[in-house]
Amino acid sequence: NRLRAQGALGRSDDVLQTSMALDSAAILDARLGGALALDAKLSGALLRPSLSVRLSSAQLVWDSRITADRLAVQSEIGDPRALAVIWRQGTFDPAAGVGGGDLGARLTVGELRVGPQTLQAIRIDASGSATGHRLSGAARWAGHGFQLGATGGFAAAQWQGVIDSLRADGIFTASLRQDARLVVERDSIRLSDLVLNTEGGALSVRNASWSPAAMNIQGDAKALSLKPLVEWLEREAGTAAGGAGQVSQRPLSSGEPDPRIEAADRLKRLQLDASWALSGPVWDRLDGNVSARLRPEVESGVAATDAILGDNKVDLNFRAGDIDGIAELSIPSLRFSRRYTAPDWTLDGALFFSGRVRGTVCAPELVGALRAEGLGLFNRSLGWRLRDGVIDARFDGKSLTINTLRFASGDGAVTIAGALRLIEPDPGRSEEHTSELQSRQYLVCRLLLEK
């Protein structure tokens, strides 16, 4: 550790320069870890000095949970007393008689890790005063780039501001439609009137708040396009398969329409409508409701029988973390799956589910009837031709009872009945025991299917 100071402070033309190098930042706070370098310059009158600060760290750790790599902070502060009040009281009150003073600051972080999440290329700039300043920021997270702009200031016992620009680019793109309001107090955050334009639709958060004692969020999504999600999944599937990030296409004769391209177009035209109103002390003890509907985009000249999806919806009610609601799935034709199977495989038919969702936020369960009709499974290379397939099955919590799974083939038929039990290995058990449990699970499923 090293500390060096040179100069004087008190008169208007005095300058005091200090530099500090800490091999361990824990000397400042036991929760800090990593080396830290600080250069500061104080100038001006003793009662109202100005402060210039440069701080850097190759890696700084907070409370063993947050790690910042390549951290750098630069700031110019006209009246450090205002920041001292904020640091001590968690807010700044102009009525306290301490001037706001001019300030300018920039924070950059190469990579920030918070638990399993990683943010990259973080930059935050601020200019103005404690009572009124401009903030701008940028970061990358989960394959997206984010940019944000806001104005605000400290007033009374809180920071109040307006978010006037927000943009996300990546798998999904979004931009701010209107100004949103943000209020930050010592132990709470409130956001209201946030509306984002998305591809083909809008996402809004009417109200959201968080404090150590409670959280709340209300909002909706209208006509959100699944096109970005489908394109991303196809790129990932193509990459995982060792290709160039594209789903392979079936060789076709000249002039023949490609059903796989048609299926992709239909999937990309799916839209999501949703609404939610949730509140509670913690996320796994919520009260409220969530509803969502997945539907095809309205297309002129397309018959309803050609829709890739029928009535698909989820309506869930929450009470202290317990779930009770309905779920319905309707897929009139599985032809779209041809896009994601090997060229020799063809799957067709209709699939339906109608039932309820119960259990808890941490352990939801599905109860209801699963049925399929008109199923066909073909493979030219193997000579397989299974037709007239039907499924009559039922989910009951963590098990699936198959009453009938039947395919016709040639002059005969294949029929399967039994139960599939979903056994969850205890995460506290050893790897050897987990492997043994998985083997038993496979044998149980096999024996039941062979009834």
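The protein chain contains four helices and 25 strands. The model is predicted. Of the 451 residues in the protein chain, 34% are buried. Contacts between residues at least 6 apart in sequence were also examined: 41% of them join residues at least 24 apart.

Strand pairing was examined around β11, which spans residues 158–169. Strand β10 (residues 144–155) pairs with β11 in the antiparallel sense, and eleven bridges connect the two. Within this pairing, phenylalanine 154 has tryptophan 159 of β11 as its bridge partner. The two strands form a hairpin with two residues between them. Alanine 156, in the turn of this hairpin, has a positive phi of about 55°.

Strand β11 also pairs with strand β12 (residues 174–176), again in the antiparallel sense, and this pairing comprises two bridges. Serine 175 in β12 is the bridge partner of arginine 167. A hairpin is formed here as well, with four residues between β11 and β12. The turn includes glycine 170, for which phi is positive at about 155°. A further antiparallel pairing joins β11 to strand β13 (residues 180–185) over five bridges. In that pairing, alanine 180 of β13 stands opposite isoleucine 163. In a regular strand, side chains alternate between the two faces of the sheet.

Three aromatic pairs are present in the structure. One of them is formed by tryptophan 141 and phenylalanine 146, with a centre-to-centre distance of 6.5 Å and an angle of 40° between the planes, and is tilted. Both of its members are partly exposed: the relative accessible area is 36% for tryptophan 141 and 29% for phenylalanine 146. Tryptophan 345 and tryptophan 384 form another aromatic pair, which is edge-to-face, with 5.6 Å from centre to centre and 85° between the planes. Tryptophan 345 lies in strand β21 (residues 345–360) and tryptophan 384 in strand β23 (residues 384–397), so this pair ties together parts that are 39 residues apart in sequence. Tryptophan 345 is partly exposed, with a relative accessible area of 28%. Tryptophan 384 is likewise partly exposed, at 45%.

The structure holds 20 salt bridges. One of these joins the side chains of lysine 268 and glutamate 231, with an N to O distance of 3.8 Å. Lysine 268 belongs to helix α3 (residues 259–268) and glutamate 231 to helix α2 (residues 227–240); the pair therefore ties together parts that are 37 residues apart in sequence. Glutamate 231 is partly exposed, at 26% relative accessibility.

Arginine 371 and glutamate 373 form another salt bridge, in which the closest N and O atoms are 3.4 Å apart. Arginine 371 has a relative accessible area of 43% and is partly exposed, and glutamate 373 counts as partly exposed at 41%. A salt bridge is also formed between arginine 387 and aspartate 388, where the closest N and O atoms are 2.8 Å apart. The relative accessibility of arginine 387 is 31%, so this residue counts as partly exposed. Aspartate 388, at 47%, counts as partly exposed too. Elsewhere, a network of salt bridges links Asp69, Glu111 and Arg113.

Tryptophan 62 is located in strand β5, which covers residues 50–62. The relative accessible area of tryptophan 62 is 30%, and the residue is therefore partly exposed. Serine 211, in contrast, is buried, because its relative accessible area of 18% falls under the 20% limit for buried residues. Serine 211 is part of strand β15 (residues 201–211). With neighbours within four places in sequence left aside, serine 211 is in contact with Asp187 and Ser188.

Notes:
Residues are numbered from 1 along each chain as its sequence is written. This is a predicted model: local features need pLDDT of at least 70, side-chain atom pairs count only at pLDDT 80 or more; totals for chains, interfaces and linings use all residues. Side-chain values use heavy atoms; hydrogens and water are left out. Buried means under 20% relative accessible area, exposed over 50%, partly exposed in between (1.4 Å probe, protein chains only). Contact means heavy atoms within 4.5 Å. Rings of Phe, Tyr and Trp (its six-membered ring) pair if their centres lie within 6.5 Å; planes under 30 degrees apart count as stacked, over 60 as edge-to-face and the rest as tilted. Two strands pair if DSSP finds at least two bridges between them. A salt bridge is a side-chain nitrogen of Lys or Arg within 4 Å of a carboxyl oxygen of Asp or Glu.
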